[in-house]
Amino acid sequence: MEPHNLHLITTIAAGFGLALGLGFIAERLRVPALVGYLLAGIIIGPSTPGFVADSEIAAQLAELGVILLMFGVGLHFSLHDLLAVRRIAVPGAVAQMGLATILGMVVSEFWGWDRVHAFVFGLSLSCASTVVLLKALETRGVLETMNGRIAVGWLVVEDLATVLALVLLPPLASIYTNGGTESGAAQGSLWMTIGQTMLYVAAFIFLMLAAGRRVIPWFLWQVARTGSRELFTLAVISIAIGIACIAQMLFSVSFALGAFFAGMVMRESKLSHRAADESLPFRDAFSVLFFVSVGMLFDPSILVTAPFKVLIVVAIIILGKSLVAALLVLAFRYPMNTALTVSASLAQIGEFSFLLAALSFKLGMMTSEGQSLILGAALISIALNPLVFMAVNPLKRWLLARFEFARKLERREEPYAQLPMSTDRKYLEGQVVLVGYGRVGQRIAWALEERNIPYVVAEQNRECVEDLRKEGKAAVYGDATDPAVLIQAHIANAAILVVATPSPLDVRQMAEAARTLNPDIEIVVRTHSDEESDLLRGEGIADVFYNEEELAKSMSSHVVERFRPVDQSGHPA
């Protein structure tokens with residue numbers, strides 16, 4: 001066998017082997033394993049002596065990692081979830097990208113770069129990595145919390161904006177290289193490209209929502225009925241990669257976003273959790289190759305030739321973007337913990353920044369120094385991001401202890417933090433307190449409404465609470481692990497506390513607060529695993545439900561059975 005035929009095998013072997021060894025050492029040193037993966041890429045990259053892996057093969061393997069990771073995001077993040085945070089994610093992401101781009105432009109123009117190079121450089125610094133974010137949120141078990149949903153929704157909006165930028169760069173480059181001499185024709189081409197791009201994206205989304213959400217769950221169910229685990233796993237992986245390729249080749253939508261929508265559609269299936277479990281080993285393996293490939297792109301000499309520039313770019317990413325994001329979230333009247341979580345999520349750059357830098361360099365819109373600065377800053381910010389997340393809670397405590405303005409932000413009046421004075425008495429005594437108004441929470445609420453059983457919703461999504469209030473429903477905004485939120489939901493006189501958001505730690509905090517205020521209250525919770533169920537049952541905290549296919553129905557029936565029938569006025573029949 002010819003040596004060149006072994007490039008794929010040697011690249012995988014070297015990547016996995018070094019990543020394993022350095023990742024293990026990093027963990028033993030109490031440093032995130034991610035740092036080890038990045039160092040492995042630098043060692044086998046072209047900028048260091050010794051063995052050099054095939055960078056093109058590594059890049060394609062990394063693309064598979066991005067596809068599978070974004071597919072996993074889609075499996076955990078439905079279109080409903082994205083729309084639920086649209087009021088903060090869309091304007092927040094657009095404003096943050098704009099301000100971050102300006103920061104990058106100001107710094108690069110100070111270095112003497114022309115305005116076009118400065119703009120593309122700033123734009124490359126404005127978009128964070130959804131892949132890195134997913135890894136961080138999954139590691140901390142907060143992917144399905146409201147903070148996690150806002151962060152993912154925010155970055156999905158950034159991804160959509162970056163995809164549009166990637167499509168528009170070539171016609172912009174034409175205007176730039178022609179020096180405006182053909183500006184009329186070039187501008188006409190630009191607007192035509194914008195319209196064509198939006199049409200392609202709209203067509204892809206329509207196809208996925210109209211046909212994909214019916215065909216894919218049906219097909220997955222047919223495969224599951226064969227009883228073959230191998231076929232089911234193959235079906236999941238094939239759907240993820242196949243739709244990603246269709247999105248790219250037919251609709252000019254990125255692989256990552258195509259895979260994201262594939263996961264969102266598959267989430268409609270009752271087998272979505274099994275699909276997530278079956279694809280997890282593949283996602284983990286190829287995500288390692290993604291980080292190794294990032295390390296391969298990095299030229300360590302930039303740290304010697306331009307160390308201060310690297311530090312300035314890293315400061316823009318970790319401090320500048322984070323501060324802008326935090327201020328925007330606080331301006332939307334979200335709590336400080338949400339602001340700090342979103343800002344930590346944006347304190348890095350990744351795959352889309354690499355794509356923007358590479359395309360801009362190819363089109364003559366970015367210098368080689370700019371590309372190296374982006375790669376170097378990306379490497380450092382990705383390596384530091386787990387530490388940034390670890391600093392969220394200590395930083396919040398420090399801010400509250402040292403600064404009065406931080407305490408005022410925590411104490412500021414929130415119109416949806418308590419029920420209106422006009423709330424009917426049936427919602428204040430003997431009611432159900434329903435924590436979480438997601439897919440399961442809504443099903444439970446519908447069942448309660450059918451039986452005229454009063455309930456109060458406690459939800460961290462401010463927009464959701466606002467919508468419920470407009471519909472005339474009783475709802476309070478806030479984190480139900482805070483006893484004050486439960487008090488505002490009148491837990492002291494409630495009959496049942498129903499927790500429809502899965503987190504054992506949160507359940508313990510809610511249960512302790514609820515039973516302190518109401519020792520006789522019954523508590524019903526949902527979980528996402530057998531281990532969580534056994535843990536909560538063993539501690540006698542609550543009645544636990546874990547069966548995704550019948551979860552909402554079972555919880556609803558259990559709660560309804562605890563109530564006597566009531567008439568339309570809310571009194572016992």
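Is H490 buried, exposed or partly exposed? Partly exposed, with a relative accessible area of 29%. For the cut-offs, buried is under 20% relative accessible area, exposed is over 50%, and partly exposed is in between, using a 1.4 Å probe and protein chains only.

Okay, before we go on, some ground rules. We're looking at a predicted model, where local features need pLDDT of at least 70, side-chain atom pairs count only at pLDDT 80 or more, and totals for chains, interfaces and linings use all residues. Residues are numbered from 1 along each chain as its sequence is written, and side-chain values use heavy atoms, with hydrogens and water left out.

So, the overall picture. The chain has 573 residues, and 52% of them are buried. Its secondary structure comes to 25 helices and six strands. Those are DSSP runs numbered from the N terminus: H or I with at least four residues for helices, E with at least two for strands. If you take the contacts (heavy atoms within 4.5 Å) with a separation of 6 or more, 74% of them join residues 24 or more positions apart.

You'll find H490 in the loop between α22 (483–488) and β4 (496–499). H490 isn't a glycine, yet its phi is positive, about 60 degrees. For background, most residues other than glycine have a negative phi. R333 is another non-glycine with a positive phi, near 70 degrees. R333 lies in the loop between α14 (307–331) and α15 (336–345), and at 28% relative accessibility R333 counts as partly exposed.

Now for the holes. Grid points are joined across faces, edges and corners, and a volume is the space filled by probe spheres set on the points.

How much space lies in the second largest pocket? About 890 Å³. It has 31 lining residues, and the closest to its centre are E63, E351, F354, L355 and A358. The elements giving two or more residues to that lining are α3 (55–76), α8 (146–177), α11 (255–266), α12 (272–297), α16 (351–362) and α17 (368–390). Of these, α3 has the largest share, with eight residues.

What about cavities? A search of the whole structure turns up one of 30 Å³ or more. The largest cavity has a volume of about 40 Å³, and its lining is T11, G15, I44, A58, L61, L289, V292 and M296. Here α12 gives the most, three residues, and α1 (7–28), α3 and α12 each supply at least two.

While we're at α12, have a look at S272, which sits in that helix. S272 is buried, at 5% relative accessible area. Not counting residues up to four places away in sequence, S272 touches L75, M266 and R267.

For contrast, go to P46, in the loop between α2 (33–43) and α3. At 56% relative accessibility, P46 counts as exposed. P46 and F298 are 252 residues apart in sequence, but 8.9 Å apart in space, C-alpha to C-alpha. Leaving aside neighbours within four places, P46 is in contact with V52 and M296.

Why call α21 (residues 462–470) largely enclosed by the rest of the structure? Because seven of its nine residues are buried. They are R462, E463, C464, V465, E466, L468 and R469. N461 caps the N-terminal end of α21, with a side-chain oxygen 3.0 Å from the backbone nitrogen of E463. After α21 comes G472, whose phi is positive, near 80 degrees.

Then there's α7 (residues 130–140), where the buried residues are T130, V131, V132, L133, L134, A136 and L137. The cap on the N-terminal end of α7 is S129, with a side-chain oxygen 3.1 Å from the backbone nitrogen of V132. Just after α7, G141 takes a positive phi of about 65 degrees.

That's the tour, thanks!

Note on methods: On a 1 Å grid over the protein atoms alone, a cavity is a set of points where a 1.4 Å probe fits but cannot get out, and a pocket is an open set with protein on both sides within 12 Å along at least five of seven lines; lining residues have an atom within 4 Å of a point. A polar contact is a pair of N or O atoms within 3.5 Å; within protein, one must be able to donate a hydrogen and the other to accept it, and residues adjacent in sequence count only if both atoms are side-chain atoms.
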